[in-house]
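This report walks through one protein model.

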Amino acid sequence: HKRIPRAVFSGNCGQTENKPRPRLKKLAEMHSDLFFVSDVNKGDLDRGGGTSCLDLGPEEELRGARTGQCSLNFQELCRFKYLINASSGGSYTGRLKYLFLCGSVVIHIKYPDDLYEFYEKLLIPGEHYVVVNNADEIPAVIKRLQESPAEAEQMGQAGRAVMEAMDFAEVCKMMYLMLKEYSDRQRFEVSRSSNSVEFRCEDDIYRHYNLPNYIHGDNSTCVYSPSKPFIPPGYGGSYNGQGVRCEVEGPPEWPHEFCACPNGDPLAVACEAGRY
């Protein structure tokens, strides 16, 4: 498919007006020839906003801003020439690394407080992607990219090449170097908290938070290979039934996956008996 010649963002834009996403939505309303912004959140998806924006009409109509009407999956985002990465205003986003894989030009609004992810050190602004200080700079960036399509194409491909090389082995290498450097600088003796639970395998996490549909049932992710008999700690995870403590209580939007503190006791196990 020929890429749609506009910049796109799809996600929740319901933050306060001084945050990047609401400003981005306002810019899309002002410059519909340059932007398409779909303001959609989880509640919208549950109410039918999960309809693909591409199914609502011809691509030429994907301009300006829409609220709660539709969404775009990753493959559909790749149909656009320019992909905008904007945080909700408080931290980083998980999507940035994936946007590069489209081969489109990524326009990244700087995170607050000079936050960045480790792989960003491999990316050069102007060569692999475009970095802006705020959303108001984006219209001029889009116009400049439209005037230099060959340069834009080269930038998109260069960004994709860097991120395609960021495979699992590279991430493991980064983690190794980071932990080694941390260990070299550490000046205190590590001790295990009495409130902690042991995770040896990925399945331990899912057992701990009562997410049985995610359990693999094998030991492929275990740090140490278990030995017979395959009982906790053992095959498919070491988790041995400890309840969730209040210190790791989840956010309010996930009440069914976490437990609250009964009677204000900060150390009490709050989950019902036999849940694990």
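In helix α6, the buried residues are Ala152, Met155, Gly156, Gly159, Val162 and Met163. They sit on the same side of α6, because their arc around the axis covers only 130°. An α-helix has 3.6 residues a turn, so residues three or four places apart point the same way. The face of α6 turned away from the buried side carries exposed residues: Ala150, Gln154 and Glu164. Helix α6 runs over residues 149-164, 16 residues in total. From first C-alpha to last, α6 reaches 22 Å, close to the 22 Å expected at 1.5 Å a residue.

The model is predicted. The protein has 276 residues, of which 37% count as buried. It holds eight helices and six strands. From the N terminus on, the order of elements is β-α-β-α-β-α-β-α-β-β-α-α-α-α.

**Disulfides**

How many disulfides does a search of the whole structure find? The search finds two. They are set side by side here.

| Disulfide | S to S distance | Torsion about S-S | Handedness |
|---|---|---|---|
| Cys53 and Cys70 | 2.0 Å | about 90° | right-handed |
| Cys78 and Cys102 | 1.9 Å | -65° | left-handed |

Take the pair Cys53 and Cys70 first. A disulfide joins these two residues. The pair links distant parts of the chain, 17 residues apart. Cys53 lies in the loop between α2 (42-49) and β3 (64-67). Cys70 lies in the loop between β3 and α3 (74-77). The torsion about their S-S bond is about 90°, so this disulfide is right-handed. Are the two ends buried or exposed? Cys53 counts as buried because its relative accessibility is 1%, under the 20% cut-off. Cys70 is buried too, with a relative accessible area of 0%.

Now the other pair. Cys78 and Cys102 form a disulfide with sulfur atoms 1.9 Å apart. The link is left-handed, with -65° about the S-S bond. Cys78 lies in the loop between α3 and β4, and Cys102 in the loop between α4 (96-99) and β5 (105-109), so the pair ties together parts that are 24 residues apart in sequence. Both Cys78 and Cys102 are buried.

Cys13 counts as buried, at 6% relative accessibility. Cys172 counts as partly exposed, at 36% relative accessibility.

Rolling a probe the size of a water molecule over the atoms shows where empty space is left. A search of the whole structure finds one cavity of 30 Å³ or more. About 40 Å³ of space lies in the largest cavity.

Which residues line the largest cavity? The lining is made by Val8, Phe9, Ser10, Leu77, Leu83, Ile84, Arg95 and Leu99. By type, the lining residues divide into six nonpolar, one polar and one charged. Strands β1 (4-11) and β4 (80-85) each supply at least two residues of the lining. β1 gives the most, with three residues.

**In brief**

The lining of the largest cavity draws most on β1.

Notes: Residues are numbered from 1 along each chain as its sequence is written. This is a predicted model: local features need pLDDT of at least 70, side-chain atom pairs count only at pLDDT 80 or more; totals for chains, interfaces and linings use all residues. Side-chain values use heavy atoms; hydrogens and water are left out. On a 1 Å grid over the protein atoms alone, a cavity is a set of points where a 1.4 Å probe fits but cannot get out, and a pocket is an open set with protein on both sides within 12 Å along at least five of seven lines; lining residues have an atom within 4 Å of a point. Grid points are joined across faces, edges and corners, and a volume is the space filled by probe spheres set on the points. Helices (H or I, at least four residues) and strands (E, at least two) are DSSP runs, numbered from the N terminus. Ala, Val, Leu, Ile, Met, Phe, Trp, Tyr, Cys and Pro count as nonpolar, Asp, Glu, Lys and Arg as charged, and the others, Gly among them, as polar. A disulfide is a pair of cysteine sulfur atoms within 2.5 Å. Buried means under 20% relative accessible area, exposed over 50%, partly exposed in between (1.4 Å probe, protein chains only). The expected span of a helix is 1.5 Å times one less than its number of residues. The arc is that of the directions from the helix axis to the C-beta atoms.
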